[in-house]
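Me: I'd like to learn how to read a few features off a structure. Could you walk me through them on this one?

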Amino acid sequence: MRRAAFAVLGTAIGTALLIGAKLGTPTPGSGTQVALEEPADAATPTAGAKAPTGKKTTAPPKKDVAAKPPASGLRDGTFAGAGAKYDYGTIKVTITVKGGKVSDVDATYPDEDPTSAGVNENAIPKLRQQVLAAQSAAKITTVSGASLTSAAYKASLQSALDKAKA
Amino acid sequence: MGAAGLRRVEQIMGTPISVQLTDPLPARRLEELAEEVFDWLREVDQRFSTYKEDSEVNRFDRGELALADCSADLRLVVEACADLWRDTDGYFDAYATGRFDPSGFVKGWSVQVASDRLLAAGCRSHWINAGGDIRAHGGPRPGEPWRIGVRHPWQPDKVCWVLGSTDFAIATSGTYERGFHVIDPYRGEPATGLTSVTVVGKDLGRADAYATAGVAMGQAGLRWLADLPGYEVGIVTSDELSFRSDGFPVLPAEPAGPRPLPGRSDLVDQPAPRIG
C-alpha cells in the first residue's frame, strides 16, 4: 500500500519535472501544466540536507520555533500539492511528515462535485479518466457521433466535411 | 489527383450516408462500387424499414411471415438481436417499443456488410459513415490510417478524440443530439448519465448495439463497457468527465498550429486533401 503510494508520488513528481523542463516556466491557463505547491510559509525542504549542524555560523531567524526544520529539512505536518493535471486526469498528492520524515503519502482524484466523486469512488480500473478535450477537426476525414437525422446533418460537422472534400 | 478517389453522400434510412473510396482503381469502377454500396443500403431500407407498411420486417412483425419463410438476412438480424439482448443484460432491446424494431442493429450491420463486400471486390481503402457510425479500411494513402474524429458532445464543431486505424468499426451513441433519446428499457425513460459512448471494434453492428446499450445503462454502463471483450470504448459522462479504455485507438492531438478561425467556416475553406 505504502509502496504504491510512493510510486504514485514519484510519477506525479516525475511528470512535474518533465513538463517543467519542457515548458520552462509554466504559463497560467495553458492546457497541460503541473504545479506542486507548498504552503506559503513552509520551510523549503532540502533533500538529504548534508550540512553538519556544527558548522553553522549564523542561526536562521527564529520566527517560529515549532516550525524549525529538523535535520531532514522537512517540517512536521500535512502538505497538499496542487491538483496536477496530466494526460489521465487530475491528481492531488498529500504527504504527511512526522519527526522530519515522510510518514504517509496519499494520492487522490479531487472530488469537488458530488457526481464526479461517485464515479471516482467506484474507480473503474480498466478505464483511464482524462480531461475532456475539445480538439480542432482540421485534419480528420470523417466524424463519428450520435445518430444524425437528415435535418441535423445539414448543420453538422460531417456535412461541412462532405462539402469540403466532395 | 481527384481521379483516384471518390466521395459521395446519399440520404438513405432517414440518415445521410457518406462514402469515400481511395483505391487506385479507374474512376468508373469506383463509381460502380459506390453505386453497389448505395443499392444495397436502399434494399435494406426497403426490407427493414418499420416506416414502410409492406417491408419484410413489418410483415414478420404482423405475423404474416413466419420466421422460417423470411430471408436469410432477416433471420440473421432476428438472431443477432436475440444474442445482443442477452449480451447486453437486456439493455439492447429490439422489442423495447412493444414491437420488433431492429433499426438499432440494422444500420450498423448493413454498413458492415457493404464494407465487407467492397473489400471482397478489391477495394481495400474506404470508409462508409451512416449517420455517425463508421466502418473503415485502409487509409487516405498506403500505410496511413484514416483519421476519424469523435464529435464533442457540447461543441458540434469540435472533436474530443481523433481515432486512427486501418481496419475498424466506430459507433457512437449519445444523448446530446436534439430529439434523440436512448430509452432505458427497465425504467421506460430516456437514459441520462452517459452523454456520449463510442465503441470501436471489428463489427459495426455489434459496436453500435453496445454503444446504445451503454448509454441506456447510464452511469452503470461505465463498468459494463470497460469489460467488453474485443471492443474498446471512449465515454463522456453528463458531468463532463471523459474515460477511455487502454486500447482505444487515439491519435495524438495535432500540435497547435496557426489559430484556426472560429466556427465551421474554416473547415469549408480548408483545401481538399490529396487523395490517392
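**An enclosed strand, then the interface**

Reply: Let's start with strand 4 (residues 133-137) of chain B: five of its five residues are buried, so the strand is largely enclosed by the rest of the structure. Buried means under 20% relative accessible area, exposed over 50%, and partly exposed in between (1.4 Å probe, protein chains only). Strands (E, at least two residues) and helices (H or I, at least four) are DSSP runs, numbered from the N terminus.

Me: Before we go on, what are the ground rules for this model?

Reply: This is a predicted model, where local features need pLDDT of at least 70, side-chain atom pairs count only at pLDDT 80 or more, and totals for chains, interfaces and linings use all residues. Residues are numbered from 1 along each chain as its sequence is written, chains are lettered from A and ligands numbered from 1 in the order in which they are written, and side-chain values use heavy atoms, with hydrogens and water left out.

Me: Which residues lie on each side of strand 4 of chain B?

Reply: Asp133(B), Arg135(B) and His137(B) are on one side, Ile134(B) and Ala136(B) on the other, and all are buried.

Me: And which way does strand 3 of chain B run against strand 4 of chain B, parallel or antiparallel?

Reply: Two strands pair if DSSP finds at least two bridges between them. Here strand 3 (residues 126-130) of chain B pairs with strand 4 of chain B in the antiparallel sense, over five bridges. His126(B) sits opposite His137(B). The two strands make a hairpin with two residues between them, and Gly131(B) in the turn has a positive phi of about 55°. Strand 4 of chain B also runs antiparallel to strand 7 (residues 167-174) of chain B, joined by four bridges, with Ile134(B) opposite Ile170(B).

Me: How do I size up an interface?

Reply: The size of an interface is often given as the accessible area lost when the parts come together. Buried area is that loss (1.4 Å probe), summed over both parts. Between chain B and chain A about 4,800 Å² is buried, with carbon and sulfur atoms giving 55%. Counting contacts (heavy atoms within 4.5 Å), 63 residues of chain B touch 44 residues of chain A.

Me: How many salt bridges does the rule find across the interface of chain B and chain A?

Reply: Three, taking a salt bridge as a side-chain nitrogen of Lys or Arg within 4 Å of a carboxyl oxygen of Asp or Glu. One pairs Arg7(B) with Asp162(A), with the closest N and O atoms 2.8 Å apart.

Technical notes: Buried area = accessible area lost by both parts, 1.4 Å probe.
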